[in-house]
Amino acid sequence: MMQTVLINDLKYMRKAIKLSIQNIDNGGGPFAAVIVKGSKIISVGVNRVTKNNDPTAHAEVNAIRSACRKLKTFDLSDCIIYTSCEPCPMCLGAIYWSRIKMIYYANTKEDAKAIGFDDSFIYSELDKSIDNRKISTTQILHDEAIVSFQKWNNTDNKIKY
């Protein structure tokens, strides 16, 4: 769904782009994200994968973690994220789990692929059955593990997310 782009949207995206450029000089990858609630920047995140030796330290994930800590919630449904690049599958999953209501991005996944950040193999893996994926995946101890799901299902004071 296409949204109307406002002056503030351009301002927040320019901040994400500026942070992505600066992050290269700070030993990180060329990615950044800005999370906004209302008209206030709640958090920013930059790619720290190689700097932190953490493959999950993508800009969007870092920004989401920071926003959730700052707002003391896991629900960012009243926030917008501005990313310097179209989110990868992991970041897109994190965005959906955090319930962010809108994504603005600058570079495309094709632009990222052209400079060596190719996520197309992950997208293709997701379309395959478990038995046909590159990483061997085997289910074990289902009867023991299902107990935790049954307990969760029967708990009255759970916090759904």
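Analyst: First, a definition: axes are lines fitted to C-alpha atoms, for helices over the stretch in contact, and angles run from 0 to 180 degrees between N-to-C directions. Helices (H or I, at least four residues) and strands (E, at least two) are DSSP runs, numbered from the N terminus. This is a predicted model, in which local features need pLDDT of at least 70 and side-chain atom pairs count only at pLDDT 80 or more, while totals for chains, interfaces and linings use all residues. Residues are numbered from 1 along each chain as its sequence is written, and side-chain values use heavy atoms, with hydrogens and water left out.

User: In what pattern do the helices and strands follow each other along the sequence?

Analyst: The chain has seven helices and four strands. Read along the sequence, the pattern is α-β-β-α-α-β-α-β-α-α-α.

User: Are α3 and α4 roughly parallel or roughly antiparallel?

Analyst: The axes of α3 and α4 (residues 89-98) come within 8 Å and cross at roughly 25 degrees. Angles under 35 degrees count as roughly parallel, over 145 as roughly antiparallel, 65 to 115 as roughly perpendicular and the rest as oblique. The two helices, α3 and α4, are therefore roughly parallel.

User: Which residues of α4 make the contact with α3?

Analyst: Contact means heavy atoms within 4.5 Å. On the α3 side the contact is made by E60, V61 and I64, and on the α4 side by M90, C91, A94, I95 and S98.

User: Which helix gives the most to the lining of the largest pocket?

Analyst: A pocket is an open set of points on a 1 Å grid over the protein atoms alone where a 1.4 Å probe fits, with protein on both sides within 12 Å along at least five of seven lines; lining residues have an atom within 4 Å of a point. The largest pocket is lined by 24 residues, with F31, H58, C88, F117 and D119 nearest its centre. Each of α2 (49-52), α3 (59-71), α5 (109-114) and α6 (120-126) supplies at least two residues of this lining. With four residues, the helix that gives the most is α5.

User: Which strand holds V46?

Analyst: Leaving aside neighbours within four places in sequence, V46 is in contact with residues including F31, H58 and N62. The place of V46 is in residues 40-46, strand β2.
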